[in-house]
Amino acid sequence: MRTGKRNRGRLLAAAPCLLLCAALLFPQAKLQARDRVDENRSCTLTVTASRIVSEEEENWEELNRSEIRVDVYRVADMDLYGNYHLLEPFAKLGLEHVGDGQEVTAGLWQEKAEQAAEIIRRQKEEQGVPYRTMVLREGVGAKETLPRGMYLIWAQEVQTAEYTYTFLPYLISLPDSDYYDAQGAPSGPDVWRYDVETGLKPRQEPRYGELEIRKRLPVYDVSLGTAVFVFEVEARRDMDRDGSAEIVYSNVVSLDFAAPGEQSVRIGPLPAGSEVTVREVYSGSSYRKVSVRPEGGKVTVLAEGAQGSPVTVDFENEYDGEHRYGTGVTNRFTYDEDKKEWTGAELPENRGGESR
């Protein structure tokens, strides 16, 4: 377990969002409305980021501000009686038999959607070209006029400064109907809806980055032996979005010099967006700190792969001409969740420093 980092299971990969709205639960057109489809009516599909279908209590404002590309795959044609005729390469999905002697559930349709998505994964280069790609900007919905049929809706991955968003694929029918409720019982009007609006089913995963502490020691007095420099590191971030930043990492690290030059140590992973403060709490027995950049040793963690990552804090020390002998020991403390207690251990020599 990483010292000082709180055990926050909710920061790990979010569980799949399986809460579906009624319009997504039962796209089986032939079970929804008994009237014939109006062949003179066109169908429209609107996808909007402002309509998030999710059971996770997350803040989706960041996602709504992002550009989201939504791929729409045409899985089946629909005749005037609401029957589906599967298109290649989806012929093996068996959608035309849904409702024939089997219970129709949200889980069944999610299973069919994932099977269709797997077909697309396998045949992406050859037959998986989207029928349409709709682009959502600033949460504003995109609208397309489409022929009758069954469609797979699958938004592409979105990366922001602090999170990665992935999306569950799902099936939707054009036209659609509210005839059946979420339990599969007739409840709504027995009419077709030719203008269908749907949303997104996202999963949110935090991104992480690293901090690098760099130390420069131009002059070294070999007669004094190893020079030890100790740094206190604290990272805070508002993980709960309650307006109060909490500690996500707190520890001490050290760098040992046996010669003049530069050394560095990396710390992480730290949640992207964390505000980190690095303080040099011990500067060796005969050396004094002359500079730290940026001022105050404060930086904001950038996600791995982002320009400027890893963020760095640079220190420089100089020899003060005094002959004071000294050394240091750095202890690392780890919190045991099972025993509910802290334990300490002395770091080995070299203490993670990387000479350059």
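This is a predicted model: local features need pLDDT of at least 70, side-chain atom pairs count only at pLDDT 80 or more; totals for chains, interfaces and linings use all residues.
Two strands count as paired if DSSP finds at least two bridges between them.

**A three-stranded sheet**

Strand S7 and strand S8 (residues 163–167) run antiparallel and are joined by two bridges. In one of the pairings, valine 158 has tyrosine 165 of S8 as its bridge partner. These strands belong to an open sheet of three strands, ordered S7-S8-S11 and paired in antiparallel fashion. Because S7 (158–159) and S11 (202–206) each have a single partner strand, they stand at the edges, and one side of each is left without a neighbour in the sheet. As a reminder, strands of a sheet pair through backbone hydrogen bonds, either parallel or antiparallel.

| Residue | Strand | Relative accessibility |
|---|---|---|
| Threonine 46 | S1 (residues 43–52) | 17% |
| Proline 271 | S15 (residues 261–271) | 2% |

Threonine 46 counts as buried because its relative accessibility is 17%. Leaving aside residues up to four places away in sequence, threonine 46 touches Ala142, Lys143, Val196, Glu197 and Thr198.

Proline 271 likewise counts as buried, at 2% relative accessibility. With the residues up to four places away in sequence again set aside, proline 271 is in contact with Arg207, Tyr208, Arg237, Met239, Val248 and Val301. The C-alpha atom of proline 271 also lies 9.9 Å from that of threonine 300, a residue 29 places away along the chain.

Terms used
Residues are numbered from 1 along each chain as its sequence is written. Side-chain values use heavy atoms; hydrogens and water are left out. Helices (H or I, at least four residues) and strands (E, at least two) are DSSP runs, numbered from the N terminus. Buried means under 20% relative accessible area, exposed over 50%, partly exposed in between (1.4 Å probe, protein chains only). Contact means heavy atoms within 4.5 Å.
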